[in-house]
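User: I would like to learn how to read a protein model, feature by feature. Where do we begin?

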Amino acid sequence: MMKRTLLLIPFLLVLFASCNTTKMLTSGVKAGEVTDLQLMEPLGFVALIQQGSEPVHNDSLSRIGSLMLDEILSKQSLLPVTGRIDFSNDWLRHQVKNEVLDLCARIEKQKTLDNVVLGSTVDSLLEASGKRFGLFVLLQGVTRTKRNYLNQSIKGGVVGLLSLGMFIPVPIKAQTRVLALVVDAEKNDVAFFRSTVFKNKEPLDIEVLKSDVGDLFEKYFWVTK
């Protein structure tokens, strides 16, 4: 039950998010100080809506999303990434996912990085590698089957007719959210946090994800002219 609850957290955040790119939060560590950054295995949380409007976590889509993020990040030459850390087994991956989701939930609740402490698994991964900084990037997405979207659109049209056009519910076809954290093992905290949201954009659209990643690190690791 705990695992299911934790996996549902991203979808709740996605469905109620309203902005495109959140305010950048930093601990005071400047981008120039972030050297020898280790790319942690990207994490994907993608839900599929097949019946009604209930999102259900989909392992296959989540895996595809994490691989797509990995490809994008590995080609981003402006990030000061010098190595990577992958999770050696499913138990470790599960522990890291839970700790990172908990970090994101706490940061978004208090809207500051103050008093946000790394979980023991994340901290030990970096310490074992002898590195100070690690980069986590998460994909949180919701998509619908074509049949479900069509059915919900038809229902919305019926409601519109019954309400004489005063209320016409339009289903959200998809939503994509990407979050990034730079964690600091030396200080045992988070040095950087930011997220982006795209409504009605598919979470497995490579161009959408590229745009998300570009927006995340704008004015921290680079400035677009």
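Analyst: With contacts. Contact means heavy atoms within 4.5 Å. In this predicted model, residues 24 or more positions apart account for 77% of the contacts with a separation of 6 or more.

User: What are the ground rules for the numbers?

Analyst: Residues are numbered from 1 along each chain as its sequence is written, and side-chain values use heavy atoms, with hydrogens and water left out. The model is predicted, so local features need pLDDT of at least 70 and side-chain atom pairs count only at pLDDT 80 or more, while totals for chains, interfaces and linings use all residues.

User: What is the mean pLDDT of the protein?

Analyst: pLDDT is the predictor's confidence in each residue, from 0 to 100. The mean for the protein is 85. Of its residues, 81% reach 70 or more. Residues 1-19 stay under 50. The model has 32 contacts beyond four places in sequence for residues 1-19.

User: How many helices and strands does the protein have?

Analyst: Helices (H or I, at least four residues) and strands (E, at least two) are DSSP runs, numbered from the N terminus. Here there are six helices and eight strands. Along the sequence they follow the pattern α-β-β-β-β-α-β-α-α-β-α-β-β-α. Among these elements, helix α1 (residues 2-16) has the lowest mean pLDDT, 43. Strand β2 (residues 37-40) has the highest, 97.

User: How do I read burial?

Analyst: Buried means under 20% relative accessible area, exposed over 50%, and partly exposed in between (1.4 Å probe, protein chains only). Of the 225 residues of the protein, 48% count as buried.

User: Why is β7 called largely enclosed?

Analyst: Eleven of the eleven residues of β7 are buried, so the rest of the structure largely encloses this strand. Look at both faces. Ala174, Thr176, Val178, Ala180, Val182 and Asp184 point one way. Gln175, Arg177, Leu179, Leu181 and Val183 point the other way.

User: Which strands does β7 pair with?

Analyst: Two strands pair if DSSP finds at least two bridges between them. Eleven bridges join β6 to β7, and the two run antiparallel. Thr176 in β7 is the bridge partner of Gly141. Ten bridges join β7 to β8, again antiparallel. There, Ala180 has Arg194 in β8 as its bridge partner.

User: What happens at the turn between β7 and β8?

Analyst: The hairpin has four residues between the strands. Asn188, in that loop, has a phi near 60°, a positive value in a residue other than glycine. Asn188 is partly exposed, with a relative accessible area of 26%. Asp36 is another case, with phi near 55°. It sits in the loop between β1 (25-26) and β2.

User: Which residues touch the most other members of the largest nonpolar core?

Analyst: A nonpolar core is a set of buried Ala, Val, Leu, Ile, Met, Phe, Trp, Tyr and Cys residues joined through side-chain atoms within 4.5 Å. The largest one has 29 residues, and Val34, Leu135, Val182, Phe217 and Phe221 touch the most other members. Elements giving two or more residues to this core are β2, β3 (43-49), α2, β6, β7, β8 and α6. The largest share, five residues, comes from α2. Apart from this core lies another, of 27 residues, among them Ile85, Leu92, Phe136 and Leu181.

User: Which residues of helix α6 are buried?

Analyst: In α6 (residues 206-216), they are Val208, Leu209, Asp212, Val213 and Leu216. They cover an arc of only 135° around the axis, so they lie on the same side of α6. That arc is taken from the directions from the helix axis to the C-beta atoms. Their cover includes α2 (59-74), β6 (133-144), β7 (174-184) and β8 (189-199).
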